[in-house]
Amino acid sequence: MTKAEIGLIGLGVMGSGLALNIAEKGYPVAVYNRTSARTGAFFGSAGELRGNIVPCASLRELVAQIRPPRPVLLMVQAGKAVDEQIRGLREFLAEGDMIVDGGNANFRDTMRRFDELEGSGITFIGMGVSGGAVGARHGPSIMVGGSREAWRRVEPILTAIAARYRGEPCSAWLGEGGAGHFVKTIHNGIEYADMQMIAEIYGILRDGFTMPAAAIGALFAKWNGGPLDSYLVEITAEVLATADPKSGKPLVDMILDRAGQKGTGRWAAIEAQMMGVPATAIEAAVAARSLSAEKGLRGRAAAAYGGRAAPAAGPPDDAFIDDLEMALFAGKIAAYAQGFTVMEEASCEFRWDLPMATIARIWRAGCIIRSQFLDALARARDTDPDAEHLLLTRDFAAMMGKAHPSLRRVVAHAALAGLPVPALSAALGYFDAFRQARGTANLIQAQRDFFGAHGFERVDGEGLHHGPWTPQEQAQG
Ligand code: 6PG
């Protein structure tokens, strides 16, 4: 067999899917996994693609099987394992070879790895990959960070394996250094917000109207034909329609209400905070997952405070159902506007020059947040490239103008019924503060100046002023 065009380390769900995807696109791929049993099992199940796969028992063998200059794709767990593999590979790789980290790395680790490999002759790429198991196997969304020259070298393979939206590949070079992993982190932050807001709408119907899972699923299936058309809404409909083979009940009703998280959503919220960009819908979604994990505490609090208002006597009327759909859409608009603003700020701070419309385009297919909406977002950015905020583009202003009254009614309904909607209400609060020309921070400034003489600006003049607040200060003039 001819030498492999690329190596891949880590045959977990994402790694094995990507390896098969690469082999299927006609690129011979050498694969290695720390436990060789997994390599054997993977190769054994690769069927006719085996002709394009070279299973390797060691890093030395993997490197020897790749045609130089060698690209090696790391698909191992983010964190320590990536550093260990890089250390191991450095023993065998030669000048001009390349390591591509395709895991969910923290972009700050990615930037450190760029620094550590500087001058080693080995090129590095930090690559965000989204799409779960099916995406990896049949076409993920690929977000690349590193030098443009490095991207050009792997572009043919990455373009071949990426998802396609109306023929356009969902892979792109986004900027130097940690750009790819940063964008993936914000993707995940938005993913958290999308999922949380969907769950909040589900909660209103389940607990506010005692609607059964299948009926809620049917609503999501219907909404998937409108502005909410997206992978997450589609799978929500399927999830809610699935029965538990063991109990016969809806499977979702048998699942414990305690959500896991691996950290990317939290990183998105942390980075937003570090840059001083409000990403309240994302923050609320991360916090909601953390509170969900406190199952025992919530049970005790429910006993201490009693239940919420009794569910409505009948099903929701059509107008309220329409409101739920548009509320979710309005929340989505706010969450994406926040996520894109975080990326815009990071683009300046880290000098990445992130291409916002391209990011929206490569998220239209393959990734977990894929949707029609992202096509609209890309167009909004294209038509109004100079708009200082996504919510100030003509398209978004029109969409939000139409949708926010529904968000208001739904949040108000939930608040009065005692149903938690933290992400939807964060989105509404953000929107209302965003469009308030005269806010209430004049009082914050007054308080800061009162207790700490921090100074304030006046509406009728220049400069920094202080008080007078106390009778003594007043007397001094
Ligand atoms: C993707 C996903 C994926 C992520 C899972 C789980 O884009 O394919 O974002 O990368 O690992 O969604 O993330 P949590 O465990 O944090 O929910």
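User: Hi! In what sense do β7 and β10 pair, and over how many bridges?

Analyst: In this predicted model, β7 and strand β10 (residues 171–175) pair in the parallel sense over 4 bridges. Strands here are DSSP runs (E, at least two residues; helices are H or I, at least four), numbered from the N terminus, and two strands pair if DSSP finds at least two bridges between them. G145 stands opposite G175 in β10.

User: And which way does β6 pair with β7?

Analyst: Strand β6 (residues 123–130) pairs with β7 in the antiparallel sense, over 5 bridges. There, V129 stands opposite I142 in β7.

User: Nice. Is β7 buried or exposed?

Analyst: Buried: 5 of the 5 residues of β7 (residues 141–145) are, so the strand is largely enclosed by the rest of the structure. Buried means under 20% relative accessible area, exposed over 50%, partly exposed in between (1.4 Å probe, protein chains only).

User: Which residues point which way from β7?

Analyst: S141, M143 and G145 point one way, I142 and V144 the other way.

User: Switching topic: how many helices and strands does the chain have?

Analyst: The chain has 20 helices and 10 strands. Of its 477 residues, 51% count as buried.

User: What does the C-alpha trace span?

Analyst: About 85 × 65 × 45 Å along its principal axes.

Definitions and conventions
Residues numbered from 1 in each chain as written. Predicted model: local features only at pLDDT ≥ 70, side-chain atom pairs only at ≥ 80, totals over all residues. Heavy atoms only, no water.
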